[in-house]
Amino acid sequence: MRVNSLALLFTIISLPFIILSQNEEKDYSEAFELIDVWLEAQKDFEKLPGITAVMVKDQDITWSGAFGMAHAKEEVEMETSTLFSICSISKLFTAIAIMKLYDEGKLRLDDRIEDVLPWYDLKQQYTDSGPITIRSLLTHSSGLPREANAPYWTGPDFPFPTMEKVKEGLKEQETLYPASKWFQYSNLGLSLLGEIVEEVSGVSYDEYIQKHILTPMGLEDTHTEMPEDLYGNKLAVGYSSIKRNGERENVNLFQANGIKAAAGFSSNVLDLAKFASWQFRLLDTTTTEIIKPSTLKNMYNVHWVDPDWNVNWGLGFNVSKGTDGKKTVSHGGSCPGYRSVFLLHPKSKRAFAVMINAGGTNPEKYAAGINAIISKADADAKKLSPKEKENAPDLNAYKGFYDSTPWGSEIYIAPWNGKLVSLSLPANSPAEAMTFYKHIKGDTFQRIRDDGELGETREFERNSNGQVWRYKQHGNYTVKWMNR
């Protein structure tokens with residue numbers, strides 16, 4: 001089941017977040033349709049319960065989709081408004097709260113943790129270590145252990161501790177490394193940042209995040225916890241990694257409790273789209289909106305580079321160089337039964353969010369695949385002339401799924417800017433699985449090589465009703481599934 005929510009966006013997203021995708025100069029409709037086909041197929045081949053995704057261009061949602069089930073047993077279909085655990089993407093909201101307090105002069109990035117949290121008593125086992133600071137907590141370079149002193153990633157019930165239990169456990173822990181020596185991702189560190197928000201602001205973490213972050217951004221479907229009353233309906237049920245028998249098990253609902261500042265939030269892709277657009281607005285102005293524009297840009301800067309040069313971290317954000325050589329900022333999330341990713345390209349002002357209600361999955365792959373298909377459309381800039389359009393055949397006659405067994409699974413063929421595109425399914429990297437064909441005459445096409453030259457022919461054949469039912473290439477036939 002897929003839900004293309006483009007027609008619904010005007011009713012489900014409130015101002016000032018405005019949907020203007022149809023005003024883009026380029027027509028991406030064929031690329032969007034290919035994204036739908038690819039994600040629907042991957043959902044089936046990889047036995048995903050459900051997946052939702054969104055693509056943003058500056059202030060506009062340009063594409064969104066929902067596929068599969070939010071609750072398979074009750075046959076609750078996935079929607080783009082369906083909530084998921086976003087797990088570690090929660091850290092970005094905690095980081096923004098810290099930077100808002102920084103903007104207001106209420107803390108400094110180089111404040112020592114024990115100066116801000118007087119009760120902090122985790123043992124520093126390295127006498128030559130530098131201080132553990134707010135900055136080092138934001139960049140995961142503090143040397144703190146990854147987790148608090150509790151087995152909360154252990155199923156089936158995932159016993160996340162209260163913050164009081166986190167505090168009590170500190171005295172039984174010690175630093176893993178000297179501060180500012182190596183990168184060590186730390187849920188404990190980000191949980192302590194949540195406590196710093198409370199200590200400095202004088203209000204609870206939940207109240208501060210709601211009043212100063214979520215409400216001003218208009219994120220009505222983002223919560224600092226998992227809303228239990230919506231579980232199995234608006235909140236997707238989580239499922240396990242796939243088992244050897246091809247099945248996935250239900251995963252029990254959890255609350256992150258004292259770890260919420262690091263991993264407790266729930267949201268949907270539409271709210272993360274608003275979150276992305278807030279950032280794009282801030283990059284283009286000199287006016288403060290929650291935080292200063294210069295502060296967001298500083299969060300995007302690399303503040304920590306691991307000695308092996310393989311890990312670069314900003315203030316809360318993972319910072320990397322994309323395949324185009326330009327900066328990408330992102331964060332992923334992985335909690336029991338849920339995987340998600342939020343990825344933003346500041347230069348192109350494109351952002352992506354993907355959510356899956358199953359473990360052992362790779363949402364980054366889908367964000368990259370959506371971006372790659374759109375990049376193919378961007379690169380294919382040639383537009384058909386009126387005469388070419390008039391003489392072009394009806395390419396929809398060739399559109400559909402073709403059986404490529406036993407060598408592959410299936411091939412999807414569709415129109416693409418006056419040509420045909422052939423997509424082999426399943427495909428971890430859809431752009432690499434796309435082949436383009438130019439119309440020559442009648443039902444004959446030729447493959448367009450990467451250098452623009454023409455290759456072998458693909459000849460389609462029609463049945464007695466005039467319908468395309470198979471094609472011949474390299475002397476062999478591939479049959480179209482007429483009932484799909």
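## Contacts around Gln42

Two residues are said to be in contact when heavy atoms of theirs lie within 4.5 Å. In this predicted model, and leaving aside residues up to four places away in sequence, Gln42 touches Lys47, Leu48, Lys365, Tyr366, Pro426, Ala427 and Asn428. Gln42 itself has its place in helix H2, which covers residues 29-45.

Is Gln42 buried or exposed? Its relative accessibility is 1%, and because a residue counts as buried when this value is under 20%, Gln42 belongs to the buried residues.

## Helix H3

Helix H3 is made of 14 residues, numbered 90-103, and the distance from its first C-alpha to its last is 20 Å, which is close to the 20 Å expected at 1.5 Å a residue. Of these 14 residues, 13 are buried, so H3 is largely enclosed by the rest of the structure. After the helix comes Gly105, a residue with a positive phi, near 75 degrees.

## The loop at Ala392

Ala392 is found in the loop that lies between helix H13 (386-391) and strand E13 (400-403). With a relative accessibility of 33%, Ala392 counts as partly exposed, because that class takes in the values between 20% and 50%.

How many residues along the chain separate Ala392 and Lys327, and what is the distance between their C-alpha atoms? The two are 65 residues apart along the chain, and their C-alpha atoms are separated by 40 Å.

## The chain as a whole

The protein chain contains 13 helices and 20 strands, and its C-alpha atoms fill a box of roughly 85 × 50 × 45 Å, taken along the principal axes. A compact globule of 484 residues would have a radius of gyration near 23 Å, and the protein chain, with 25 Å, agrees with this.

Buried residues make up 53% of the 484 residues, while the accessible surface of the protein chain comes to about 21,500 Å², with 48% of that surface belonging to carbon and sulfur atoms. When contacts between residues at least 6 apart in sequence are considered, 64% of them join residues at least 24 apart. Finally, the protein chain carries 53 positive and 63 negative charges, and the mean positions of these two groups are 5 Å apart.

Methods: Residues numbered from 1 in each chain as written. Predicted model: local features only at pLDDT ≥ 70, side-chain atom pairs only at ≥ 80, totals over all residues. Heavy atoms only, no water. Helix = DSSP H or I, 4+ residues; strand = E, 2+ residues; numbered from the N terminus. Expected span 1.5 Å × (residues − 1). Buried < 20%, exposed > 50% of the residue type's maximum accessible area, 1.4 Å probe, protein only. Rg over C-alpha atoms; globule rule 2.2 N^0.38 Å. Areas by Shrake-Rupley, 256 points an atom, 1.4 Å probe, with all protein chains shown as cover. Lys, Arg positive; Asp, Glu negative; His and termini not counted. Charge placed at Lys NZ, Arg CZ, Asp CG, Glu CD.
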